[in-house]
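Subject: Structure for your review

Dear colleague,

Please find the structure below, handed over for your own work. My notes on what was found in it follow directly after.

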Amino acid sequence: MDLHKEVLKYKDDLIKSLQESIRIKSVEEEAKPGMPFGEGPAKALEHFLSVGEKLGFKVENFDNYAGHIDFGTDDQEEMVGILGHVDVVPEGSGWDYNPYGAEIVDNKMYGRGTLDDKGPMMICLYAMKALKDAGIPLKRKVRMILGANEETGWGCMNHYFGKLQMPHPAVSFTPDSEFPVTFAEKGILRGLFKIKTDSDITVKAGNVFNAVPETTTISLPVSYKETIEKELPLYNENKENKISFEVKEDRIIITSKGVAAHAAHPSLGYNSLSALMIFLGKLDIKENGFKEIIKFFNDKIQMEFNGKLLGLNLIDEPSGEITINFGKCYVENGELIVSMDMRFPVTFEAESIKKRLFSVLSEYGITFEPLKEEKPLYIPKDNFLVKTLMEVYQDMTGDMESQPISTGGGTYAKAVSNCVAFGALLKGTPDSMHQKNECIDLASLDTLLPLFAETIYRLAK
């Protein structure tokens, strides 16, 4: 039997199952009884588990935090883990297709989650099915572990591995990055910059920490109209991403347009919030809170994402340069708040970085509230897991030039021991994760299905 050919017989069923999953809007919402992350993530988790059950696997749901799908028997002491998530980031704006429609156009399926991470996990599930039906003997059990809160808090993995103390697989991978093997993941530091304000100015940027904000709006008193009319044409000159304004009653609404991107790769986007702050620096804003934040951005951020002006331009050989993204901005309970998502190199620690932040921010009267810290992940290139996955990738794609990579992305590889990110974005494929018109090229299934079937087989045999 040729497993690589046999697995392709499941392609049509896979596409149908993935469409069903994409049509479930699984953005985190307010918790409900039995649904810790809201109705959407719970429904998406239950759908994945139901597909696994229909395919003949044993499944279990752990309080709608997480679930797993087992291929194998209880007497197999060691496990191969496949970790991924069913929740997605908000859709944002500007789509050409329904972000939850799973429409297929020109052999591409469009929808939030097609790449991150429902598509790759569904491919792995059907690769498991092909192995099961082939009856190939495996030494290790295979367990697919699905979380429902990866994008916003990792409450899923904290519940599954922390509270429930579920066992760690012997080796694992997560198809939540790109090929070939991600051997290093930067540390993550998330938090909020806060400053008191008694102003009636309102501002809105972004929806999540981990995406470059595509649109930022601010409402100013009409008294700024003359200065705006003078400065805006000069600012917009020769800029592709423009700032515009309109007068509504006694307010001026300024809108800054950018380009969304994943916070792990902010250079691929254009931060509408940073751009707006630079423009506001030309208006001599007097209102408390806003004048300090605006000055901070103009002095220490501008359009940078590598921390140079902040004095935090950290870099190392395994993982490269630090990245910093400011994804949200809003006023709440008398405070102006800006969110920060930082990905720092693997040889540095969060504590020293926080000390530097506290020092710089105090100069402007801004406080920093840390919300999330993830330690870096670093597995040497000569490790068995990295070497094995590299061999699979090379054998299945013929790409002998690409080397193991580092990333700013934070994947479930950090949730367990002996795990790395592996795929599912193929070399040369546009990365639309966390962006409008996210899609998966269905032609890639001809490569990905055999590749992941071979991956599971080699790790489990």
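Grid points are joined across faces, edges and corners, and a volume is the space filled by probe spheres set on the points.

This is a predicted model, in which local features need pLDDT of at least 70 and side-chain atom pairs count only at pLDDT 80 or more, while totals for chains, interfaces and linings use all residues. Residues are numbered from 1 along each chain as its sequence is written, and side-chain values use heavy atoms, with hydrogens and water left out.

Cavities and pocket

By this rule there are 4 cavities of 30 Å³ or more. The second largest cavity holds about 80 Å³ of space. Its lining consists of L115, P120, A424, L425, L426, T429, I440, D441, S444 and L448. Two strands, β24 (424-425) and β25 (439-441), each contribute at least two residues to this lining; helices (H or I, at least four residues) and strands (E, at least two) are DSSP runs, numbered from the N terminus. By class, the lining of the second largest cavity has 7 nonpolar, 2 polar and 1 charged residues. Here Ala, Val, Leu, Ile, Met, Phe, Trp, Tyr, Cys and Pro count as nonpolar, Asp, Glu, Lys and Arg as charged, and the others, Gly among them, as polar.

The largest cavity has a volume of about 270 Å³. Of the 25 residues that line it, D176, H262, G409, G410 and T411 lie nearest its centre. β8 (177-178), β10 (187-196) and β20 (367-374) each supply at least two of the lining residues of the largest cavity, and that lining divides into 5 nonpolar, 10 polar and 10 charged residues.

The largest pocket has a volume of about 390 Å³. It is lined by 22 residues, and G92, S93, V212, E214 and A260 are those nearest its centre. At least two lining residues of the largest pocket come from each of β11 (202-205) and β12 (215-221). The lining of the largest pocket comprises 9 nonpolar, 8 polar and 5 charged residues.

The sheet that includes β25

Strand β25 also belongs to an open sheet of 3 strands in the order β4-β5-β25, with antiparallel pairing; two strands pair if DSSP finds at least two bridges between them. β4 (104-105) and β25 stand at the edges with a single partner strand each, so one side of each is left without a neighbour in the sheet. β5 (residues 108-110) and β25 are joined by 3 bridges, and Y110 stands opposite C439 in β25. Helix α2 (residues 11-22) lies across β4, β5 and β25 and runs at about 20° to β5.

Hairpins

β1 (residues 58-62) and β2 (residues 66-71) pair in the antiparallel sense over 5 bridges, and I69 in β2 is the bridge partner of V59. The two strands form a hairpin with 3 residues between them, and D63 in the turn has a positive phi of about 65°. A further hairpin, with 2 residues between its strands, is formed by β18 and β19; N333 in its turn has a positive phi of about 50°. Strands β18 (residues 329-332) and β19 (residues 335-344) run antiparallel and are joined by 4 bridges, with Y330 opposite I337.

Helix packing

The axes of helix α7 (residues 272-280) and helix α8 (residues 290-301) come within 9 Å and cross at roughly 105°. Axes are lines fitted to C-alpha atoms, for helices over the stretch in contact, and angles run from 0 to 180 degrees between N-to-C directions. The two helices are therefore roughly perpendicular to each other, a term for angles of 65 to 115 degrees. L273, S274, M277, I278 and L280 in α7 meet I293, I294, F297, N298 and I301 in α8, contact meaning heavy atoms within 4.5 Å. The residues of this contact divide into 8 nonpolar, 2 polar and no charged.

Backbone details

A cis peptide bond joins D116 and D117, with omega about 5°. Another cis peptide bond joins G423 and A424, with omega about 10°. N238, although not a glycine, has a positive phi of about 65°; N238 is in the loop between α6 (225-236) and β13 (243-248).

Yours sincerely

Technical notes. Angles under 35 degrees count as roughly parallel, over 145 as roughly antiparallel, 65 to 115 as roughly perpendicular and the rest as oblique. On a 1 Å grid over the protein atoms alone, a cavity is a set of points where a 1.4 Å probe fits but cannot get out, and a pocket is an open set with protein on both sides within 12 Å along at least five of seven lines; lining residues have an atom within 4 Å of a point.
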